[in-house]
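Have the sequence and the 3D view open as you read.

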Amino acid sequence: MSEYNHKTVEKKWQQKWTSAEIFKASKDDKKEKFYCLEMLPYPSGELHIGHVRNYNIGDVLARYHIMNGKNVLHTMGWDAFGLPAENAAIKNKIHPAKWTKQNIAIMREQFKKLGFSYDWSREIASCDPQYYKWNQWFFIKMWEKGLAFRKSANVNWCPVCQTVLANEQVSEGVCWRCKNPTEHKELEQWFVKITDYSDELLSSHEQLSNGHWPEQVLSMQKNWIGKSYGAEVDFEVITKNKKSTLKIFTTRPDTLFGATFMVVAPEHKIIAELRSEIENLDEVSKYVAASGAKTNIERSQSKDKSGVEIKGIKAINPVNGAKIPIFAADYVLTDYGTGAIMAVPAHDQRDWEFAHKFNVSIVEVIKGENSSVANSAYEGSGKMINSGQFNGLSSDEALEKVIEWIEKQGFGKKTINFKFRDWLISRQRYWGTPIPMIFCPECGIVPVPIEQLPVKLPEDIEFSGEGESPLKTCKSFVDVKCPKCGADAKRETDTMDTFVDSSWYFIRYCDPKNDKEAFDVSITNYWMPVDLYIGGIEHACMHLIYARFWHKFLRDMGMINTDEPFTNLLTQGMVTLGGNVMSKSRGNVVSPDDMVDKYGADALRLFILFAAPAQKQLEWSSDGLEGCWRFINRVWRLQDIVNTKSSQPATPKDKEDLLRAMHKAIKKVTIDIEKKLQFNTAISSIMELVNTLYVYKFHSNDDGVSKEVYKNLIILLTPFAPHICEEIWQNLDTKGYASLARWSVFDEAMIKENNIEIPVQINGKLRGTINIEIDADEAAVKEAVDKNEKVKKHLEGKNIVKFIYVKNKILTLVIK
């Protein structure tokens with residue numbers, strides 16, 4: 001047998017798979033489907049090892065289910081819109097479409113060299129007008145249903161990317177894309193009313209729990225949506241000449257009598273509304289400006305609570321009529337609750353610190369056992385005091401009673417609040433889906449007629465990198481006629497957040513060539529939901545929430561018949577190098593091309609899954625990859641070994657032991673792939689079976705047993721290392737493709753051991769073990785002792801006083 005040449009073999013089988021279209025999927029109502037999907041990549045130019053891990057996991061599972069007779073949908077596409085392409089266009093003087101298509105071609109070729117089992121006939125790119133046409137169609141449908149709307153809002157602005165960001169796209173005060181600090185701006189923006197689905201996004205977590213989705217992801221979504229129960233209360237605001245109202249939300253209505261001041265966000269509308277009444281307007285204005293320069297993270301996490309009293313304005317505590325001061329403070333944010341809070345310093349530590357700093361009174365209204373508010377706030381339960389008719393009640397009991405009372409009084413109501421905010425989808429950049437709306441001076445905002453979709457991005461654009469979106473200066477794009485009245489009008493120049501593109505692409509995969517509708521419901525109802533979705537946990541509060549919302553919207557439109565898009569979710573661990581996450585921005589990436597060229601795709605695929613559990617961090621190691629390459633070659637050399645006849649024939653026990661090892665391996669690998677998603681231990685079991693075949697001495701003189709075991713070994717290895725397995729499968733004179741072979745089935749009866757090892761204890765010390773048949777009687781155990789040289793030497797010249805055998809457990813001897 002010649003040496004294994006991975007370059008020749010891998011290229012050969014990749015071409016054969018492509019020519020035969022063995023991974024092409026089609027709807028078949030007679031077969032059980034399995035939709036396996038990895039999160040689609042951004043075409044940044046080249047894959048690195050961190051990417052490969054994600055797609056490798058999906059490929060193993062897709063191949064496994066194909067071999068188990070399921071109708072598998074496994075495909076690939078491109079999340080092709082976004083800022084990097086536009087920035088590259090500016091830097092390299094190239095149109096983003098050309099840059100993107102070049103990168104797609106490079107990455108597609110890399111995927112193919114790795115031997116992934118994609119149905120490439122379903123490939124999509126979100127920058128294709130035939131794809132984003134349907135983004136626009138969905139947007140218009142949301143507009144018609146009141147889910148898409150435009151309003152002025154204080155938004156997150158990235159001065160580097162020159163665009164607005166959704167709340168989910170700002171992490172620790174920096175832009176998720178360029179990692180530079182963000183700031184705040186007041187702009188007219190387009191939103192999607194995702195908050196209409198807040199409750200269902202939480203309640204349907206029940207369908208995703210119990211192991212279907214990682215609990216960490218569900219917890220992250222729950223915290224992000226942030227549902228809380230409490231009361232909305234109106235505080236009257238008075239000045240010398242005007243009156244107004246401040247609405248607050250509190251989860252602690254039992255502490256209302258202890259509210260001694262109020263705090264509003266620096267951006268709160270009441271400051272502008274009562275501007276003429278503010279006695280220290282310059283001081284307040286300077287504070288508002290300084291707060292605007294801080295990020296929300298800086299504001300909410302700052303230990304030093306800053307603020308300014310708004311003089312000339314007071315609030316009336318509605319439960320006791322007390323006049324209390326109002327402060328502007330940047331730790332209160334406009335995008336949570338109402339942008340105003342009642343401050344109860346006796347029972348909230350943050351308020352306690354603020355009250356001490358600004359010398360505001362502290363009124364205790366809940367008394368705990370031995371509690372004191374002299375040195376810190378008391379935040380526990382207790383008896384109500386200084387609270388009028390509620391004195392003496394427990395604070396827990398008072399919660400509901402206070403709400404009932406304020407509802408009767410007419411200045412408050414029981415309510416539920418969410419941290420979740422509507423999805424801001426406007427982006428002030430070129431390379432995205434144009435928002436299909438027109439501004440008419442006569443008719444107002446008018447959607448583009450459906451028959452005129454898609455609104456295509458103009459190609460005659462210059463990218464300077466300065467100022468506003470280039471769409472604003474493109475007259476051929478901006479200047480249009482109103483579709484309702486025919487008057488001169490202007491087209492919307494904002495484009496959609498790229499998370500719109502990735503919110504439904506997995507459904508388009510089911511019917512990617514449809515030019516009449518987004519997808520055929522009869523086809524998508526066969527394939528959806530995705531059975532297993534694979535991607536990073538960093539998408540928990542962006543993509544995975546947006547996709548769930550979009551799916552529910554489509555369900556309510558009658559376009560899909562399931563509540564959730566992804567039945568199971570696997571979040572793979574990061575790949576690190578030198579302890580740091582592998583990424584292009586850090587310059588610590590490893591190219592898969594180099595590794596495939598040197599060691600082969602199969603060795604790389606094996607190492608990535610063998611080095612660590614899929615959900616855990618993986619530290620890159622060239623030594624580990626080389627070890628997997630050596631293993632691949634050991635499997636190759638077994639062809640000669642199993643076909644070389646041994647001089648001595650195998651006994652029935654020899655054959656039985658080898659078959660038992662095979663069935664054990666089949667069971668372990670099957671369970672590890674399908675039930676546990678533990679690919680590293682599955683590979684370890686395959687390696688053990690290879691070792692067993694090397695130790696076995698009766699090849700080709702055992703009635704074909706070793707060849708049967710080798711054949712099943714190749715089947716088990718195929719999802720992990722498909723190229724070499726196809727070549728060996730062919731050499732074994734088997735029919736068809738290894739990739740389409742039926743998965744091996746284990747025999748439980750063969751796995752059961754006939755013999756067991758039990759310990760032998762002599763005078764309290766372990767002196768060895770003996771091999772006996774299960775349920776052996778005492779005579780058989782004595783015979784085994786007589787045949788065991790290690791045990792016998794401790795009995796020489798001694799008398800056995802006691803012989804105590806606990807069936808199948810232990811033998812205890814007492815000797816003199």
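## Starting at D79

Let's begin with who touches D79. Setting aside neighbours within four places in sequence, D79 is in contact (heavy atoms within 4.5 Å) with L40, P41, Y42, P43, S126, T498, D501 and S502. D79 sits in the loop between β2 (71–73) and α3 (83–92). Is D79 buried or exposed? D79 is buried, as its relative accessible area is 17%; buried means under 20%, exposed over 50% and partly exposed in between, using a 1.4 Å probe and protein chains only.

## Where the numbers come from

This is a predicted model, so to speak of local features takes pLDDT of at least 70 and side-chain atom pairs count only at pLDDT 80 or more, while totals for chains, interfaces and linings use all residues. Residues are numbered from 1 along each chain as its sequence is written, and side-chain values use heavy atoms, with hydrogens and water left out.

## The whole protein

The protein has 28 helices and 32 strands. Those are DSSP runs numbered from the N terminus: helices are H or I with at least four residues, strands are E with at least two. The C-alpha trace spans about 110 × 80 × 45 Å along its principal axes.

Of the 816 residues, 54% are buried. Take the contacts between residues at least 6 apart in sequence: 72% of them join residues at least 24 apart. The protein exposes about 36,200 Å², with carbon and sulfur atoms supplying 48% of it; the areas come from the Shrake-Rupley method with a 1.4 Å probe.

Now for some strands. β24 (residues 530–535) and β25 (residues 566–571) pair in the parallel sense over 5 bridges, where pairing takes at least two DSSP bridges between two strands. Y533 has L569 in β25 as its bridge partner.

## An open sheet

Elsewhere, 4 strands form an open antiparallel sheet in the order β4-β3-β7-β17. Its edge strands, β4 (163–165) and β17 (423–424), each pair on one side only.

What joins β7 to β17? Strand β7 (residues 183–192) and β17 run antiparallel and are joined by 2 bridges. F191 has L424 in β17 as its bridge partner.
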